[in-house]
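Please look at the sequence and the structure before reading on.

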There are 2 protein chains.
Amino acid sequence: MEMDERKAKILQAIIRNYLETGEPVGSRTISKYTDLNLSSATIRNEMADLEEMGYIVQPHTSAGRIPTDKGYRFYVDTMMEAKEQELAEVKDVLLQRQDRLEDMLRSLVKFLAKDTQYATMITAPSVQKNRLKFVQLSRVDEHSYLAVIVMEGNIIKNRLLAVDEAIDDETLLKLNMLLNTQLSGMAVQDINLSIISRMKTQAGIHSDIISNVIDAVGEVIAEDEDLQVYTSGTDNIFRYPELADQQNASQLISAFEEKQLLGNLLIGESDESGEGPGTGIQVYIGGENASQSMKDCSVVTATYELGDGLRGTIGIVGPRRMDYDKVVGTLKTLQTKLDDIYGRKEE
Amino acid sequence: MEMDERKAKILQAIIRNYLETGEPVGSRTISKYTDLNLSSATIRNEMADLEEMGYIVQPHTSAGRIPTDKGYRFYVDTMMEAKEQELAEVKDVLLQRQDRLEDMLRSLVKFLAKDTQYATMITAPSVQKNRLKFVQLSRVDEHSYLAVIVMEGNIIKNRLLAVDEAIDDETLLKLNMLLNTQLSGMAVQDINLSIISRMKTQAGIHSDIISNVIDAVGEVIAEDEDLQVYTSGTDNIFRYPELADQQNASQLISAFEEKQLLGNLLIGESDESGEGPGTGIQVYIGGENASQSMKDCSVVTATYELGDGLRGTIGIVGPRRMDYDKVVGTLKTLQTKLDDIYGRKEE
DNA sequence: TGTTAGCACTCCATTTAATTGAGTGCTAAC
DNA sequence: GTTAGCACTCAATTAAATGGAGTGCTAACA
C-alpha cells in the first residue's frame with residue numbers, strides 16, 4: 001500500500017485537528033472538516049489503511065485516531081508550512097549590549113517561552129575560535145591583582161589573583177606589555193609550554209604571576225566549555241494535559257533542573273548544509289528524542305550565531321502535538337533577525 | 001482553656017507523627033506512640049480540647065487530626081530542636097573563589113536542595129556599602145574600551161564602551177589616574193554632579209569618555225539592585241503528595257519561574273536582633289506566607305553574610321509538614337560555617 | 001470498482017450504589 | 001479524672017450500570 005494524495009490529505013486533516021484539540025479524531029469529523037466530500041464510511045476505510053501503514057493509531061478499539069511519531073514525521077517533513085512570525089519585540093531583546101550577554105540570553109529564552117507557550121532553553125554561545133584579544137593585569141589592592149581576559153567576540157572574563165610579592169607600577173606596565181605582545185591574537189590551543197617558558201624567562205623574578213595569569217586563562221577557557229544552559233517557561237508544560245500528570249511533569253521538571261544533561265540534548269548533530277535562516281533547525285518527535293524523559297515531547301532545536309563565530313543552540317520543548325508550523329516559523333524568523341543584526345557586520 | 005504540659009506533649013506527638021507520615025493522626029496511635037500511658041479515650045478528650053483551641057483540625061468528621069498553622073507555629077516556637085547538621089561537603093562549595101560568586105551560589109543552592117530534599121532559592125548578596133574600590137579603562141581595540149569596575153567585596157563588573165576618538169597610551173594612563181584618585185573608596189551615592197563636572201573639567205577634551213565611564217558605574221549599580229535569584233530542586237515538590245497535584249505544582253513551578261517575585265518573598269523583614277548563627281532565621285508557615293501561591297508551603301529563610309557587608313538571603317520551600325528541625329538546623333550550621341570562613345577575616 | 005448507508009459491536013468514561021474501616025463523640029462505669 | 005464500650009460518620013475503595021462516540025463489516029448502489 002502506498003501513500004496517495006487523498007490519504008495524505010486525510011492524514012493532514014487528522015493531524016491538524018489533533019494538534020488543535022488533543023482529542024482522538026473520528027471519521028465523521030474528517031468527513032465534515034475536509035473539502036473532500038467523502039462519507040465517514042469512506043474515510044474509515046482510508047483511516048484503516050493509514051493505520052496499517054503506521055501513521056495513526058487508535059488509543060482503543062472504539063476511539064478515533066491519533067498520529068504516531070511516524071505520522072508527525074511525515075507531516076513535518078512534507079506538509080508543514082513554517083510561517084514567518086511577527087516577532088517585533090524581540091528586536092529590543094536582541095539589541096541589548098553585547099557585554100551583557102547573559103541578560104540577553106535570559107531575556108530571549110523568556111521571550112520565546114512567553115511567545116510560544118512552550119518550555120524553552122538556550123545554550124550560551126561557545127566560542128569557536130577561542131582567540132585571545134586582550135589580557136590585562138591590574139592592581140586592586142596590595143595583595144590582589146585582577147586579570148581581565150577578553151576573547152574574540154568580546155567575551156570578558158575576570159579572575160582575582162592573590163599575590164604576595166609587591167609589584168611596582170612600572171613593572172606592572174611591563175608585564176602587561178609582555179602579556180599582550182605574546183598572547184594577543186593567539187588561539188588558546190596554541191599556547192604551549194615553549195611560549196609559556198619564554199614568557200616566564202622574560203618576566204624574570206615575576207614569573208610566578210605570569211604563571212598565575214596563564215593559569216587563569218586556562219581556567220577561563222575550561223569554564224566556558226561546560227556550557228551554561230538557560231531555561232524558561234517550564235511551567236508551560238502544565239498547559240498540556242498529556243504532559244501535566246504527575247509522573248510526566250515530575251520527570252520533565254527534573255530534566256529541566258539538570259541543565260548539564262539538557263545541554264547534551266541541544267548539541268546533537270546538526271545539519272551543516274548551507275547557510276542562512278532555516279539552517280540547523282531540527283525537529284525531534286516523541287521517541288526520536290535521545291532522552292527517555294522527553295519521550296512524550298517534541299523538541300525543536302535551532303542553532304544561532306552572534307557573529308565572530310559565537311554559536312549556540314535554542315531548544316523548544318512541547319507536547320508531541322506541538323504547533324510545529326509556528327515554532328519552526330518563529331525560530332526561522334529569529335535566525336533572520338539575528339542575521340540582520342550580526343551577519344551583516346561580519347562582511 | 002489553656003495549654004498544660006500534657007496537652008503540649010500530645011500536640012507534639014501529633015505533629016511529630018504527622019511530619020513523618022503525612023496522614024491524619026488518630027487517638028489510638030498517640031496512645032501507643034507516647035509514654036503517657038493514657039487510653040485512646042483520654043487522648044480523644046484532650047484532642048477535642050486541642051481542636052477547640054485551634055491547634056489541630058480534622059479533615060473530616062471521622063478522620064484523625066492534623067496540625068493547623070497555629071499548631072505548627074506553637075511547635076516551631078516552643079518545641080523545635082534545631083539540631084546541628086553534618087554538612088561536610090558544603091565547605092568545599094563555600095571555599096570556591098570569590099570571583100566566581102555566581103558559581104558558588106549555584107552550587108550552594110543545589111547542594112541545599114539535594115541535602116534537604118526541598119526546593120531552595122538564594123539571592124545574590126547585595127552590597128550594603130556600595131563603595132568603589134577600583135576603576136580602570138583599557139583599550140581592547142581601536143574603537144572599544146573596557147571599563148572594569150571593582151566594588152568593595154570584590155564584586156567585579158565590566159562594561160564595553162564604544163569610543164570614536166583616539167586615545168593615546170599616555171592619555172589613557174592619565175585618565176585612569178584621574179578616575180582612581182577621584183572615585184576610589186567613594187560610596188556610590190556620594191558621586192554627585194559637582195564631582196562629575198570637576199572630573200570632566202580635568203579630563204579636558206576627553207570629558208566624553210569620562211561621562212561614559214561614570215554612566216557605566218551607574219548602570220552597574222542599578223544592575224546590581226534588581227537582585228538575582230538562583231533556585232534549585234523545584235522538582236522536589238513532587239515528593240510531597242500534598243503539593244504534587246496539578247493545581248499546586250503548576251502554581252509553585254510558576255512561582256519559581258518568576259525569580260523577581262520570588263526575591264520579594266526573601267527580602268521580607270528579618271529580625272535584626274543580635275549576631276551569630278541563628279540570627280535572621282525566619283519560619284513562615286502556610287498562610288503566613290506573603291504569597292498566595294505558597295499557602296500550602298512553609299518557607300524557612302536565613303540571611304547570610306560573606307563579609308564586607310555582602311549580605312543575601314537563602315530560602316527553603318517545602319510542604320507545611322516540613323522537617324523544621326532539620327531545615328533550621330541546616331541553615332544554622334551553614335551560617336556557622338560561613339562565619340568561620342568570612343566572619344573571622346573581618347576583625 | 002469505489003462509495004456509502006446501516007447496524008451490530010466494542011470499550012472508555014461517567015454515574016450510581018454498596019462496602020469497608022478508621023476514627024470519632026458520648027455515655028456509663030470505675 | 002480515666003477508661004471501656006458502642007453507635008455513628010464519612011472518605012475511600014470496589015462493583016455494577018449506563019451512555020455514547022466511534023469502529024468494522026456487510027450489502028446495496030453508481
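The structure is a predicted model, in which local features need pLDDT of at least 70 and side-chain atom pairs count only at pLDDT 80 or more, while totals for chains, interfaces and linings use all residues. Residues are numbered from 1 along each chain as its sequence is written, chains are lettered from A and ligands numbered from 1 in the order in which they are written, and side-chain values use heavy atoms, with hydrogens and water left out.

**The interface**

In chain B, 40 residues are in contact with 41 residues of chain A, contact meaning heavy atoms within 4.5 Å. The size of an interface is often given as the accessible area lost when the parts come together. Between chain B and chain A about 3,400 Å² is buried, and carbon and sulfur atoms give 50% of this area; the value is the accessible area (1.4 Å probe) that the two parts lose on being put together, summed over both. On the side of chain B, Leu160(B), Phe238(B) and Glu257(B) lose the most area to chain A, together 16% of what that side buries.

**Salt bridges**

A salt bridge is a side-chain nitrogen of Lys or Arg within 4 Å of a carboxyl oxygen of Asp or Glu. Over all chains, the search finds 35 salt bridges, and two are found across the interface of chain B and chain A. Two examples from the structure are listed here.

| Salt bridge | Closest N and O atoms |
|---|---|
| Lys133(B) with Asp141(A) | 3.2 Å |
| Arg106(A) with Glu102(A) | 3.0 Å |

Arg106(A) and Glu102(A) both belong to helix 6 (residues 101-116) of chain A, where they are four residues apart, about one turn of the helix. Helices here are DSSP runs (H or I, at least four residues), as are strands (E, at least two), numbered from the N terminus.

**The second largest pocket**

A pocket is an open set of points on a 1 Å grid over the protein atoms alone, where a 1.4 Å probe fits, with protein on both sides within 12 Å along at least five of seven lines; lining residues have an atom within 4 Å of a point. The second largest pocket is lined by 29 residues, and those nearest its centre are Gln136(A), Leu173(A), Gln136(B), Leu173(B) and Asn176(B). Helix 7 of chain B gives the largest share of this lining, eight residues.
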